[in-house]
Structures are given as structure tokens and as C-alpha cells.
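Open the model in your viewer and keep the selection tool ready. Each stop below says what to pick and what is there.

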Amino acid sequence: MCVGALDQQKAESIYREFTPLIGDESTPFPSFLGSDGRKVVTFCSNDYLAMSRSPRAISAARKALELEGVGAGGSRNIGGTRKVAEELEAELASLHVKDAALIFNSGYLANFVPMKVISKRFNAIVFSDQQNHRSIIDGLDTYKAGVDKHIFQHNDVDDLRRLLKQHCRPDRPAVVIFESLYSMEGDFSPLAEIVTVSKEYGASVFLNEVHAVGVMGDEGGGVSSASEVLKDLDLVIGTFGKGYGTVGGYIAGQSDIVDAIRCFGSGLIFTTALPPFLVAATLTNVRHLRESSHERTALIEKSDLLKKRLAEFEIPILFDCSHILAAPIGDERATLEISAQLFDAGYYVTPMRYPTVPRGDGRLRLTVTPAHTDTQIEQFAKALAGIYARVVL
């Protein structure tokens, strides 16, 4: 039934394959063993601060595991809410200076569920950045009939203003949704400008901070935590699977919005809750990163070293303003080939291709962590430069 579609993907070099990685005492993070036993160092992990290896988080998870088992036993409404979940939600609300917070099983759901609830249940007119994550797009496209959405050009405040002026109505709520830091380019949004123009037209503002929470801002509160417009954000969306090193997602915002999503969000209501041991580990990491800036400082230092070495080898980077670096390749086959040759050289970097990025816009998305050594970074940059010269130049 599906063979033809899969064959077409393979022909277009956009077929996806999983790469199994094996953790081993002899290969501490960021190193793994490949399925063939070879050592590889990952340079594409979203575990930006290496918090998945935090001894405190592991200890907290182990304690909760022994006390409460491996699962929550039900949805949040049916026996799946533990005290630690409420403690984490209170911590997140405090972190973002908001009334309330709500945790989800994934960052995808933390975007998808609010978009579905706001656009369908409350008939909001939604204005979405062109480069928003697929989970936001899917939340708006589900039950597509009747969804009133308008896409503004990426980071283009004038285009947003044009659309708000044209489509906002006094009898319907309006929502502007965008990201603070975009993961496929590594660029920041003009946060204050977007919030200002949104409020001029009476629109609520939802900010996706998934690639910045834990990693940036005051106490790890993301880009908005150090901004004067933090108070004007109606909803902040975050994830645990990146800066906090675990799994899950969350929203923090005005109590009525959070409560409406809690009561009407089917993606929350009908899902078994996160296991208590994962919630305990996450709470430990959130609290630690509110107190410690050491990990964030180390990430900046390692990222700056990688940027410097890539520049010395004349490897192009789309933006160099964050811890996410995107090296443009273009052709999907060339992107696959570079990734494969890097793996053979002992480095794991996922090839980013359509539909994650536009067709013909393949790239390597590069990240480091505080756990990377300077030697690993320098050797990787040299290996990439040699492969890039053979395949692209």
C-alpha cells in the first residue's frame, strides 16, 4: 500500500532512517557506540547543557522510581497527577512570572494542543510566523475547515502589521504565535517589536521558547526572561527535551488561558501522564538551572570555539548568534553524503532535509554541549572542512 510513496522518498533522498546509538561506560556523553561498535561523537544533540547526565536529576529519578514505579497509571484526570507534577507546574509559573503552568508529554503536544484549542474551540484568528515548528502548523491544520489563520513572513514585523490590520476583528479573539529562537536557522525573532505591534491590535501573544528555556536568559527562563515585554506575553511554551535534558513540554501563562487548555485539550485529557520519575528529574534540573549559570556559560564558550574553528575553515553558517548553527548544503543527496562521511569519520550529525526544511535547502544542524572537549570540537571542524571541500566545493 505504501511502497510507492516510500520509493519516491528514497529517489528524492528524503527517506529517513534511524541511527541507533549505544551509551557505554567507555564512551561517556557526547560519545556513543554505533550499531557496528564504532565510537561516534554527536554534534547534533538537543541536550544542549548535557543535563540528561546530571547526577542530581538521576538521583531524583531513582528515588521517585523506587517509590512510585515506572508509570503514572493514568491520565492527569484519572489518577495520573502526582504532587511532584504540581510542584513542577508551580516552579514553571514562577520561572516565567505567570499565573499558572501545565505540563504535557512532549514539546510537540505543548504546541499542538493550545493551537487546536484556541483556533477551534474559541474561534481565534491566528497569525503564525512562516518558520514556526511543525507542531504549531499541525495544531492549526487539524480539522482545518473553519480555522482562520494567516502566515506572516519570517521575522517580518511590517508583514505582521499588515495582516493584523487587515484581519483583526473586534468580535473575535486574535493570537500571534512565534518562536524566540528558530532551530533550523539559529536566528532570533524581533521579540519586543512583534509583541508591541500585536498589542496595538489587541492580539494575545504566544511565544515558543523551546530552544531557549534552560539555556538562555535569567534563571534559564529563555529569551523573554530578560525582556521588558515579558509581562505582555499571554502564553510561554517550553520543552524539557532540550535545555532540561528530559522529556515533555509545558505552557505557562494567564490562568484563564491555561485552564481552558487544561479543560478542552484532548491531547492532554486522553493521554497517560508523564511518569513521576521523569517529572522528578525535570523538576530537579529546572530548579538547578534557576540557581546555576555555570552550564550556560560553558555552552557559550564551547559554541564560540566551534564557530571560530568553522570560520577558520570557511564553512558557511546561516547565523552565528546562538548555540544552534546551521551549515547550508542545498542538495539533498550531498547533505546525506556529508552526514554519512562524517559518521565514517566518527561524528554523528543528522542531515536536515525536506520536509524539515524546504526542498533543495538541505543543511547540517550543528550543536555542542558543555561536555564536549576542545579537542573534540577542533577535530570535528577539521573533519567537516575536509568532507565539505570534497562534496560541495
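In what order do the strands of the open sheet of four run? The order is E1-E2-E3-E12, and the pairing is mixed. Bear in mind throughout that this is a predicted model.

**Stop 1: the four-stranded sheet**

Colour E1 (21–22) and E12 (347–348), the strands at the edges. Each has a single partner strand, so one side of each is left without a neighbour in the sheet. Next, select E3, residues 39–42. E3 and E12 pair in the parallel sense, over two bridges. To find one of the partners, click threonine 42: its bridge partner in E12 is tyrosine 348.

**Stop 2: two cis prolines**

A cis peptide bond joins phenylalanine 29 to proline 30, with omega at about 15°. Now jump to the loop between strand E13 (351–352) and E14, the place of proline 355. Here tyrosine 354 and proline 355 are joined by a cis peptide bond, and omega is about 10°.

**Stop 3**

Move along to strand E14, residues 362–366, and pick leucine 366. Is leucine 366 buried or exposed? Its relative accessibility is 0%, so leucine 366 counts as buried. Show its contacts beyond four places in sequence: Phe43, Leu306, Leu310, His323, Ile324, Leu325, Ala327, Val349, Phe380 and Leu384.

Among those contacts are Phe380 and Leu384, and both are buried residues of H13. Select the whole helix, residues 374–391. H13 has 18 residues and reaches 26 Å from first C-alpha to last, close to the 26 Å expected at 1.5 Å a residue. Its buried residues also include Gln376, Ile377, Ala381, Ala383, Ala385, Ile387 and Tyr388. An α-helix has 3.6 residues a turn, so residues three or four places apart point the same way.

**Stop 4: the second largest pocket**

Which residues line the second largest pocket? Select Ile118, Phe122, Ala124, Pro173, Ala174, Val175, Gly202, Ser204, Phe206, Asp256, Ile257 and Ala260. Two or more lining residues come from each of strand E7 (174–179), strand E8 (204–208) and helix H8 (255–264). H8 gives the largest share, three residues. By class, the lining has nine nonpolar, two polar and one charged residues. The volume of this pocket is about 180 Å³.

**Stop 5: two positive phi angles**

Pick asparagine 123, in the loop between helix H4 (107–121) and strand E5 (125–129). Asparagine 123 is not a glycine, yet its phi is positive, about 55°. With 36% relative accessibility, this residue counts as partly exposed.

Then go to serine 13, in the loop between helix H1 (3–11) and E1. Serine 13 is not a glycine either, and has a positive phi of about 60°. Serine 13 is buried, with a relative accessible area of 7%.

**Stop 6: proline 275**

Finish in the loop between helix H9 (266–269) and helix H10 (276–291), where you will find proline 275. Proline 275 counts as buried at 17% relative accessibility, because the cut-off for buried is under 20%. Beyond its neighbours within four places in sequence, proline 275 is in contact with Val70, Gly71 and Ala72. From glycine 71, draw a C-alpha distance back to leucine 366: 34 Å in space, 295 residues apart in sequence.

How values were computed: Residues numbered from 1 in each chain as written. Predicted model: local features only at pLDDT ≥ 70, side-chain atom pairs only at ≥ 80, totals over all residues. Heavy atoms only, no water. Expected span 1.5 Å × (residues − 1). Buried < 20%, exposed > 50% of the residue type's maximum accessible area, 1.4 Å probe, protein only. Contact = heavy atoms within 4.5 Å. Pairing = 2+ DSSP bridges. 1 Å grid on protein atoms, 1.4 Å probe; cavity = no way out; pocket = protein on both sides within 12 Å on 5 of 7 lines; lining within 4 Å. Points joined across faces, edges and corners; volume = space filled by probe spheres on them. Nonpolar A, V, L, I, M, F, W, Y, C, P; charged D, E, K, R; others polar.
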